[in-house]
Amino acid sequence: MSTQNASSTITLRSLQKFKENEEKFACLTAYDACFSSILSEAGVEVILVGDSLGMVLQGHDSTLPVTMTDMIYHTRCVKRGNKGSLIMADLPFMSYASETQTLENAASLMRAGAHVVKLEGGAWISNTTKLLTERGIPVCAHMGLTPQSVNRIGGFHVQGRDTNHAQLIIDEALMLQEAGANILLLECVPRALAKKITGLLKIPVIGIGAGPDTNAQIMVLHDVLGVSPITPKFVKNFLVEGNNSIFQAIEAYVNAVKTKSFPSEEHCFN
């Protein structure tokens, strides 16, 4: 049974209350109106229009080829189907390299229907985060494994396993919160590190491959439905476990997040 109905509207305040009340919330990607409608009806609180569309829709081997035109188009599509979820949209590779560029591109995503923009990085995006939030544009800061930096970090590897790097991630997370970030997303970091950061921060922390102790979980829709060609350790196919429809699979994912049965130990990095 859906935990969200058409009359409910999820806001940043809703997410903050979830954290304060120690209630989990569920996030998934969507790229079109049809799936956006299904996700919101199934109780997904946050829909991410991710630059992951470059890999799952366009067939690229990374997110780097995704353009602002792509992101604006898909954000508009998701907005049309949405029924109360909070919509978060990625600023794609090199779309926030300068102050003017950042403001113009973030504004374009907001006009297209986003409620929050997401950008990848650590300390170096603190000024950008401050710039956006001061102008009324909410920010989700994406740390840990940042796919737009895949060439610099040498592939899709777990981040923060050594003590020094873990401390750096902690320090930069606190810095981004101070700069005004409304949400932090942690990707592919050890469970213990994600738990520590979640406890230290006042803002909600969303995890993917970061263990069960974050305030929320996010997955790529195609992974939840078992149609992605690559299956990372932190992925679970919810369509094969007695769920006879896409809607039931997404409801099962939402329920598993809220009851803390997903992710389990097998989906975590130590």
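Q: Why does Lys258 count as partly exposed in this predicted model?
A: Its relative accessibility is 24%.

Q: What makes Glu45 buried or exposed?
A: Glu45 has a relative accessible area of 4%. Buried means under 20%. Glu45 is therefore buried.

Q: Why is the pair Glu45 and Lys258 called a salt bridge?
A: The closest N and O atoms are 2.6 Å apart. The rule asks for a Lys or Arg side-chain nitrogen within 4 Å of an Asp or Glu carboxyl oxygen. Glu45 and Lys258 therefore form a salt bridge.

Q: What does the pair Glu45 and Lys258 tie together?
A: Glu45 lies in the loop between α2 (33-41) and β2, and Lys258 in helix α11 (residues 246-258). The pair therefore ties together parts that are 213 residues apart in sequence.

Q: How many salt bridges does the rule give?
A: The count comes to seven.

Q: Why is the pair Arg191 and Glu265 called a salt bridge?
A: Their closest N and O atoms are 3.1 Å apart. The cut-off is 4 Å, so the pair qualifies. Arg191 lies in helix α9 and Glu265 in the segment after α11, so parts 74 residues apart in sequence are tied together.

Q: What makes Arg191 and Glu265 partly exposed?
A: Arg191 has 27% relative accessibility. Glu265 has 45%.

Q: What separates Glu134 and Lys130 in helix α6?
A: They are four residues apart in α6 (residues 126-134), which means a separation of about one helical turn. Glu134 forms a salt bridge with Lys130, with the closest N and O atoms 2.5 Å apart.

Q: Why is Glu134 exposed but Lys130 partly exposed?
A: Glu134 has 53% relative accessibility. Exposed means over 50%, so Glu134 counts as exposed. Lys130 has a relative accessible area of 40%. That value falls between the cut-offs of 20% and 50%, so Lys130 is partly exposed.

Q: Which residues of helix α1 (residues 12-20) are buried?
A: Ser14, Leu15, Phe18 and Lys19 are buried.

Q: How do you know that they are on the same side of α1?
A: They cover an arc of only 140° around the axis, which puts them on the same side. The face turned away from that buried side carries the exposed residues Arg13 and Glu20.

Q: What do the buried residues of α1 pack against?
A: They pack against β1 (25-29), β2 (46-49), β3 (86-90), β6 (183-187) and α9 (191-200).

Terms used: Residues numbered from 1 in each chain as written. Predicted model: local features only at pLDDT ≥ 70, side-chain atom pairs only at ≥ 80, totals over all residues. Heavy atoms only, no water. Buried < 20%, exposed > 50% of the residue type's maximum accessible area, 1.4 Å probe, protein only. Helix = DSSP H or I, 4+ residues; strand = E, 2+ residues; numbered from the N terminus. Arc of directions from axis to C-beta. Contact = heavy atoms within 4.5 Å.
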